[in-house]
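Please examine the structure shown below.

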Amino acid sequence: MARADDIESGLYQNLIDAGYSEKEADQCLILARDGEWQKLCKMLARQKSSLLTALHKSEKQIDCLDFLVYEINKKHSNGGKQNV
C-alpha cells in the first residue's frame, strides 16, 4: 500500500510538472490535505485554462511564421525548396 508521503510527493511533482510554482503547489497540497476538493479542482481548472491560453498564443505565433515562410518562398521560389 502506498504511503501518504509517497502520494503527496507524487502529487507535488505532478503539480510542478504542470507548471505550478513551489508556493502554488504547496497551496494545492494544503487543499488536498484539508479535503477541499472543490477548491483544488477550481485551482487546477484555472491552471489548465492558463496553459491553454498560452498554447493558443504559441499556435498563433507558429501560424504567423508559417505564413511568412510561405510568402517568402512564393516570392522567391527556388524550385519548390524551402528557403527559410
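## Salt bridges

The structure, a predicted model, holds two salt bridges, each defined as a side-chain nitrogen of Lys or Arg within 4 Å of a carboxyl oxygen of Asp or Glu. Side chains of opposite charge can pair when their charged atoms come close.

R33 pairs with E8, and the closest N and O atoms of this salt bridge are 2.9 Å apart. The pair joins distant parts of the chain, since R33 lies in helix 2 and E8 in helix 1 (residues 4-17), 25 residues apart. R33 counts as exposed because its relative accessibility is 51%, whereas E8, at 27%, counts as partly exposed. In these terms, buried means under 20% relative accessible area, exposed over 50%, and partly exposed in between (1.4 Å probe, protein chains only).

The other salt bridge is formed by K74 and E71, with 3.6 Å between the closest N and O atoms. K74 and E71 are three residues apart in helix 3, so about one helical turn separates them. E71 counts as buried because its relative accessibility is 17%.

## Basis of the values

Residues are numbered from 1 along each chain as its sequence is written, and side-chain values use heavy atoms, with hydrogens and water left out. As this is a predicted model, local features need pLDDT of at least 70 and side-chain atom pairs count only at pLDDT 80 or more, while totals for chains, interfaces and linings use all residues.

## Overall architecture

The protein chain has three helices and zero strands, and its elements run α-α-α from the N terminus on. Helices (H or I, at least four residues) and strands (E, at least two) are DSSP runs, numbered from the N terminus.

Of the 84 residues of the protein chain, 15% count as buried. The chain exposes about 7000 Å², of which carbon and sulfur atoms supply 56%; accessible areas come from the Shrake-Rupley method with a 1.4 Å probe, and for residues only the protein chains shown count as cover.

Helix 2 has 12 residues and reaches 16 Å from its first C-alpha to its last, close to the 16 Å expected at 1.5 Å a residue; the expected span is 1.5 Å times one less than the number of residues. Its buried residues are A25, C28, L29, L31 and A32. These residues cover an arc of only 160° around the axis, which puts them on the same side of helix 2; the arc is that of the directions from the helix axis to the C-beta atoms. The face turned away from this buried side carries the exposed residues K23 and R33. After helix 2 comes G35, whose phi is positive, near 70°.

The largest nonpolar core comprises eight residues: L15, Y20, A25, C28, L31, A32, L40 and M43. Such a core is a set of buried Ala, Val, Leu, Ile, Met, Phe, Trp, Tyr and Cys residues joined through side-chain atoms within 4.5 Å. Helix 2 gives the most to this core, with four residues.

E24 is placed in helix 2 (residues 22-33) and counts as partly exposed because its relative accessibility is 32%. Leaving aside neighbours within four places in sequence, E24 is in contact (heavy atoms within 4.5 Å) with G19 and M43. E24 and Y12 are 12 residues apart in sequence and 9.9 Å apart in space, C-alpha to C-alpha.
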